[in-house]
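Hello,

Here is the structure I promised to pass on to you. Have a look at it first, and my notes on what turned up follow below.

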Amino acid sequence: MTVFSRPGRMTRKIGLGLLGVIVLLGLLQVAEGAAGVNQALFPLPSAVLAQTWDLISNGSFWSAVGSTFTPWGEAVVFTIVIAVPLGLIIGSVPVVESALTPIFEFLRPIPAVVIFPLVLLVARDNTRAQVSVVVFSSVWPVLINTVYGLREVDPVAKQTLRSFGFGPLAVALRVSLPSAAPFIVTGIRIAASLAFIVTVAVEIVGTGYDGMGAYAAQSQGAGADITVLLAVAVWAGVIGLAVHGIFTAVERRGFRWHWALTATAMGDS
């Protein structure tokens, strides 16, 4: 039985997840009330949720959300344009993979926000620096999944095309890329959520931005309590989940056969 024969499975998972969140918030509410903590530093969950609801009617906040999505979208596009071709080259040419893997393994653990001042110094433009840092952080899931997907391509299919006289580029475009596409899309889904988080983080630590992070930082700097900051963080999480859900829906609809095979393999194991 595959995931497609169980339409209520996703609903149950979402329901259990919401129940877990409600229980956790309830416990925090009771614990903070009983302990008598300083609510200016540790607001009650009910106060944070109330502030989160109030932001729905705040035009300035939604303008900031739109400002965040602009560099996020640019970064996602640049990530795909850079990571997919580079992953195809690395996954298809073993010599290139051997030469570049140590460099990538050195760069990948570096936190993107740490290199932001250096990138800003070189770029001398807030938007370029922000997009560059976000691309640096989000390129790795797409790159790694592309290379991994190429390793899963059936070697017989590639050898068949070579026997008919097709060159390496034709084999990569006709066999390797379509076969690795589900893995690439998974990498893009992960990268999109990660890019959104880093975009907001850069807006918080940087200056001269108009996005969600800047809105939260300005609200905190204006003397407001931390409730506004936490409410913006809640909305960032909600929007991040929405981005993840949209990409997941596109992935499942576009690669139903891959999800069916994955579900069957998990059922057999």
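**What I found**

E105 is partly exposed, with a relative accessible area of 43%; here buried means under 20% relative accessible area, exposed means over 50%, and partly exposed is anything in between, using a 1.4 Å probe and protein chains only. Its side chain meets that of R108 in a salt bridge, at 3.0 Å from N to O. By salt bridge I mean a side-chain nitrogen of Lys or Arg within 4 Å of a carboxyl oxygen of Asp or Glu. R108 is partly exposed too, at 37% relative accessible area.

Before I go on, please keep in mind that this is a predicted model, in which local features need pLDDT of at least 70 and side-chain atom pairs count only at pLDDT 80 or more, while totals for chains, interfaces and linings use all residues. Residues are numbered from 1 along each chain as its sequence is written, and side-chain values use heavy atoms, with hydrogens and water left out.

The count of salt bridges comes to 2. The other pair is E97 and R151, whose side chains meet at 2.3 Å, N to O. This bridge links distant parts of the chain, since E97 sits in helix α4 (residues 94-107) and R151 in helix α6, 54 residues apart. R151 counts as exposed because its relative accessible area is 54%.

**The overall build**

The protein has 11 helices and 0 strands. Both kinds of element are DSSP runs numbered from the N terminus: helices are H or I with at least four residues, and strands are E with at least two. Of the 269 residues, 36% count as buried.

**The pocket and the cavity**

How much space lies in the largest pocket? About 860 Å³. Both terms are worked out on a 1 Å grid over the protein atoms alone: a cavity is a set of points where a 1.4 Å probe fits but cannot get out, a pocket is an open set with protein on both sides within 12 Å along at least five of seven lines, and lining residues have an atom within 4 Å of a point. Grid points are joined across faces, edges and corners, and a volume is the space filled by probe spheres set on the points.

The largest pocket is lined by 24 residues, and the closest to its centre are G17, L18, V21, V238 and L241. Helices α1, α2 (45-54) and α10 (226-254) each give two or more residues to this lining, with α1 giving the most, 11 residues. By class, the pocket lining divides into 16 nonpolar, 5 polar and 3 charged residues. For these classes, Ala, Val, Leu, Ile, Met, Phe, Trp, Tyr, Cys and Pro are nonpolar, Asp, Glu, Lys and Arg are charged, and the others, Gly among them, are polar.

There is 1 cavity of 30 Å³ or more, and the space in the largest cavity is about 40 Å³. Its lining consists of A75, V76, T79, I80, S138, V142, I188, A191, A192 and A195. The elements that give two or more residues to it are α3 (59-92), α6 (126-151) and α8 (168-205). This lining has 8 nonpolar, 2 polar and no charged residues.

F78 is in helix α3 and is partly exposed, at 44% relative accessibility.

**Two more spots to look at**

L16, L19, V23 and L27 make a nonpolar surface patch of about 410 Å². Patches are made of residues with over 30% relative accessible area and no salt bridge, joining like charges within 9 Å and nonpolar side chains (Val, Leu, Ile, Met, Phe, Trp, Tyr) within 5 Å; accessible areas come from the Shrake-Rupley method with a 1.4 Å probe, and for residues only the protein chains shown count as cover. L27 lies in helix α1 (residues 8-35) and counts as exposed, at 56% relative accessibility.

Lastly, G206 is in the loop between α8 and α9 (212-221). G206 counts as buried because its relative accessibility is 16%. The C-alpha atoms of G206 and P117 are separated by 8.6 Å, and the two residues are 89 residues apart along the chain.

Best wishes
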